[in-house]
Structure formats: structure tokens, C-alpha cells
Amino acid sequence: MLKLPVYLDNNATTPMDPRVLETMLPYFTEHFGNAASRNHPFGWEAESAVDYAREQVAQLIGADPKEIIFTSGATEGDNLGIKGIFEMYAAKGNHIITATTEHKAVLDTCKHLEKLGADVTYLQVKADGLIDLAELEAAIKPTTILISIMYANNEIGVIQPVKEISTIAKRHGVLFFTDATQAVGKITVNVIEDGIDLLTFTAHKMYGPKGIGALYVRRKNPRVKVTAQMDGGGHERSMRSGTLNVPGIVGFGKACELCRLEMEEDTKRISALRDKLETALLKVEEAYVNGNREHRLPHVANISFKHVEGEGLLMGFNKNIALSSGSACTSASLEPSYVLKALGLGDDLAHSSLRFGLGRFTTEEQIDYTVEQITNTVLKLREMSPLWEMYKEGIDLNSIEWAHH
Amino acid sequence: MAYSDKVIDHYSNPKNVGTLDKSKKTVGTGLVGAPECGDVMRLQIEVDDATGMITDAKFKTFGCGSAIASSSLATEWLKGKTVDQAVAIDNMDIVEELNLPPVKIHCSVLAEDAIKAAINDYRKKNGLEELAFEEKGVH
């Protein structure tokens, strides 16, 4: 049975797993205590629930529970991790290395720090979205304190060579922070094996609730500390003050546990569906996959359909299929995705892209339906596209002097 | 962002999609926008020499739903108008008719630009002086 509408925007957020909700519910009502209340059973209950969830969260990434700092989400984790290191290690240096395809929460944090005296290197990526390790190593200076490279990209799903990056970082005595928001829960992430010093992720990208995330901060080899960015009661080992979001934390813990137990099966099923979708859509003339297809999250595909504009394309089926586009006709800037542009894609291809994020609840019927809808809409819009007509007539679109506005 | 019913209608059933023979002296072609901006419109008119009446209009558009709707609407409005009347079509008329939100006003400006470019192409082909238009400069 085909269930509509189809949700294929799981990189934006995932639906909550009903099992997660069920675990959370008692913590809104009967177990409502403040985990910092040390003198009565309400507080004890809340504290023990948080302790248990902290173990579930830590276990998913191979960390010690003491290394988990609960945050409001990945954006806060990016801010706390990067700003916290910049402040804590100011005596050692002020240089940070990151990449142009990072999430805005990382890029804008770095830009903010530049105003405060940070020296930031933004590495270009190769055409497949991967960073160049030699370039990374060459960028390291005596003042470098942090390398911030995401685990996997939110738009194209490309997985960076995290182990190799951490080896380079260690060799130079530089800390390694990674935004693993899209990766944790989808692929195996292990902070020990991967050599990660700091890592941020969030519950709502892995079938947990919104408003809760975690920052992993390594406690030994080396012992890492971040300067708190929010002052208050000294919660979370004084790195993140604020009353703990107990129901959120409980849900996050359950979501992590489910991902850990079901990852293998989920990945097998979801990647098969992704491959089916991709193979079928690539049968459309002039359709291209953006980013490295080998080092890629199992549930993500980013495809450009030449000479069709992404937002116009979405309009053909967005009542029934939820997707996102690299085109940004709605935004004031009219600039297409900076991630796709960083791959060296022309603006026309960037404007023509769709991002597919499959998930735990995606069905095969939904994928078949999506293929049919998208194929039909692309063909229909190409009949309407002056660029497609010119392309078919063999006119080189680059030879035309466009009226840039 | 939700689209107005009229935008959806033009997008789903666009009027006058197609190509006129641009080598004909009676056909004026306007090609505006740029692929890197995410919208390109080509609008064509065919003019009856004797009456100055626009007898046919066609478009092809690469762009979002609002850009497609703006050009579809423009071709509908052009047919049956004289060239002089067509010059007077203002982008705000399109905005009003299609109920475009502020972020989509540039689509209507592009349609107006396309109309004027088509008219000027027709004038040029027929030895008439090109009309000078003010830049709207919204985008």
C-alpha cells in the first residue's frame, strides 16, 4: 500500500520513532523532577533516567558516559565545541582549519571567531566533495589549535576520511572536532577508533525528539576541555549550564539504543532503496549524481537534472513528496547551494538539484511512486525549458551572453 | 511556501508553451534571465504588420513555478493586444493577478523584461528604433 505524502527529507529531520515517544511520556508528567534536585525522589528519578540515557548515547559512539555533554542540538554543539576550544586553548594559538562545505553552524561560528581574532583556513573540497588530506596537513601551522571537519555532509552525504584526518591531527598535536549530525545513528561512528576529540550530534536526525543533542568531549589521551558558552548552575561538568531536558534526554537515549541495535538491518534495507531510486532516476537523460558515490551515507542521494530548475521541479509533486532542492529561488540571495558550488558545479546544475534523504519509514512503494513522479515532471518541464531546447539544438549555453541581474 | 491557486493552475496547465519561427520578420523574441540565477525566460510574439496586433505569443521558461506562471500569464495577456498596448503591461499587474509574494516579484519583473525584449526585437527587425526602458532593478 502506497502511503502519501512521501517523506524523503530525512536529512532535515526525521519523524520520531513511536518507541521513543513512549519512553519519553512519563518524564513529562509523573517523573517530572529536576535532575539536579539532590534531596528528594523526584530528583533522584530524573537523575537516574539521565544517567541511563547518557550510557545509551555514549554507547552508540563508543564513548564513556562522562564524556557526553547534553546540548540543545547540533548547532549548539558546533558553537560550544569550536568557540569553547578557541577560548580554552587561546594560549596555544588561534588557528582553526575547516572546509567550505561545512554546515553553516560551523562556518558562521568560525566567521564569528575571526572577528575575535581567530585565523581560519577554509579548505576547498575536491569535485567529489572530499577534502584533500595533503592540503589539510599543509595548512597546519604552529598556531593551529583545531581541525573542524564534518563526518558526513548534509546535502550530498559524502563521508570524509575521518580516521586519516585524526591521524594527521594527532601527528601535529592539534585537536579534531567533527560535526557528525548526519552520520551518527546511520553508520558506525566510534570516537576511539576514529580518533575524534570532540563530536556533535542531535536526536532529531535519528528518530528522536527535537531540542536535544550532545557534544562528546574526550576525557583522556588527551583530556580536552571547552570553555562554557553559557554561564549558570555548572551543569554538565561545568561545560553547559541549564536545567537538563529530562524527557528529551530520555528520548535521545532510546533513539540511540534503537539505532545501535537496528543499524545493520536498517542500513541494508535503506541503501537498497536508495540505490533503486538512484538507478531509476539516472535513466533520465542528462541526470547526474553530485558528490562521491562510494564514500557516502547509505540513505542519501543528490541528483541534478540538467536544464530544469529545482524549485519548479519540486512544485510538480510537492503535495505528495517532501524533498529539498539545492536551488534557492525563494531566498533573497537567489544563490544556489554553496555546497554544490564548492564541488565546482556550475550554477545551472546547482539550481537543478534535488536532495533525497531516505529513512527508517521509507517504503519501496514510495520509492517507485517517487521515481515515476519525478521522471514525469522532469520530462514535462524540459518541454517548457528554453535551455533544454537550446541544448537539443546543439547550442553551447556558455556561448550566450546572459543578462545577469 | 504555499503557492496561490492561479500560480498552480498556470504551472499545471501552462498556456502557450512553444516556439515561433524567430527568423520571421513578424516574430519578436525576448530571452531574459540567466541559468546561474535560476531563471531564464524566452517570450515570443507574432505581430500582424497591417494592424500592429499581436496575433500569437509563445513562451518557454526555465525557473520556479512563479516564473513559469508569470510567463504563461504574459502570453495570454499579449494575444489580441497591439504592440503599443503590450508595452504598457507592468510587472505589478502580474504580481496582483498571480498573488505573488515579495520573494517572487523578480519573476514578474523578468516577464515584463521579456515582453519588452520581444517588442524591441520585433521593432529592430522592422527598422524601427528600439524603445528605451527604465531598469526595474528589483533583482
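Predicted model: local features only at pLDDT ≥ 70, side-chain atom pairs only at ≥ 80, totals over all residues.
Visitor: Let's start with chain A as a whole. Into which domains is chain A divided?

Guide: Chain A has domain 1, made of 6-12 + 263-394, and domain 2, covering 18-258. Their C-alpha centres lie 29 Å apart.

Visitor: How do you know that domain 1 and domain 2 of chain A are in contact?

Guide: Contact means heavy atoms within 4.5 Å. By that rule, 24 residues of domain 1 of chain A are in contact with 33 residues of domain 2 of chain A.

Visitor: And what area is buried between domain 1 and domain 2 of chain A?

Guide: About 2,400 Å², with carbon and sulfur atoms giving 56% of that area. In domain 1 of chain A, Met263(A), Tyr338(A) and Arg360(A) lose the most area to domain 2, together 27% of what that side buries.

Visitor: Now to the helices. How do you know how α2 and α7 of chain A pack?

Guide: Two packed helices are described by the angle between their axes and the distance between the axes. For helix α2 (residues 41-60) and helix α7 (residues 246-281) of chain A, the angle is about 30 degrees and the axes are 8 Å apart. The crossing of α2(A) with α7(A) is left-handed.

Visitor: Which residues make that contact between α2(A) and α7(A)?

Guide: On the α2(A) side they include Ala46(A), Ala49(A), Val50(A) and Tyr52(A), while Val246(A), Ile249(A), Phe252(A) and Met263(A) are among those on the α7(A) side. Sorted by kind, the residues of this contact are 14 nonpolar, 3 polar and 3 charged.

Visitor: Why is Ile196(A) called buried?

Guide: Buried means under 20% relative accessible area. Ile196(A) has 0% relative accessibility, so Ile196(A) counts as buried. You can find Ile196(A) in the loop between β6 (175-179) and β7 (198-202) of chain A. Beyond the residues up to four places away in sequence, Ile196(A) touches Tyr151(A), Val162(A), Phe176(A), Thr178(A), Val191(A), Tyr216(A) and Arg218(A). Ile196(A) and Lys170(A) are 26 residues apart in sequence, and their C-alpha atoms are 9.7 Å apart in space.

Visitor: What about Asn153(A): buried or exposed?

Guide: With 3% relative accessibility against the cut-off of under 20%, Asn153(A) counts as buried. The loop between β5 (144-148) and α6 (162-171) of chain A holds Asn153(A). Apart from neighbours within four places in sequence, Asn153(A) is in contact with Thr101(A), Val158(A), Gln182(A), Leu297(A) and Val339(A).

Visitor: Why is His112(A) called partly exposed?

Guide: Buried means under 20%, exposed means over 50%, and partly exposed is in between. His112(A) has 36% relative accessibility, so His112(A) counts as partly exposed. His112(A) lies in helix α4 (residues 104-115) of chain A. The C-alpha atoms of His112(A) and Val246(A) are separated by 31 Å, and the two residues are 134 residues apart along the chain.

Visitor: What phi does His307(A) have?

Guide: His307(A) has a positive phi of about 70 degrees, although His307(A) is not a glycine. His307(A) is in the loop between β10 (300-305) and α8 (310-315) of chain A. At 5% relative accessibility, His307(A) counts as buried.

Visitor: On to chain B. Why is Asn16(B) called buried?

Guide: The relative accessible area of Asn16(B) is 16%, and the cut-off is under 20%, so Asn16(B) is buried. Asn16(B) has a positive phi of about 65 degrees although it is not a glycine. Asn16(B) belongs to the loop between α1 (5-12) and β1 (27-34) of chain B.

Visitor: And how do you know that Ser70(B) is buried?

Guide: Ser70(B) has 0% relative accessibility, so Ser70(B) counts as buried. Ser70(B) is in helix α2 (residues 65-78) of chain B. Its contacts beyond four places in sequence include Met41(B), Ile94(B), Leu98(B) and Cys107(B).

Note on methods
Residues numbered from 1 in each chain as written. Chains lettered and ligands numbered in written order. Heavy atoms only, no water. Axes fitted to C-alpha atoms, helices over the stretch in contact; angles between N-to-C directions. Helix = DSSP H or I, 4+ residues; strand = E, 2+ residues; numbered from the N terminus. Left-handed = near helix turned anticlockwise from the far one by under 90°. Nonpolar A, V, L, I, M, F, W, Y, C, P; charged D, E, K, R; others polar. Buried < 20%, exposed > 50% of the residue type's maximum accessible area, 1.4 Å probe, protein only. Domains from an automatic or database assignment. Buried area = accessible area lost by both parts, 1.4 Å probe.
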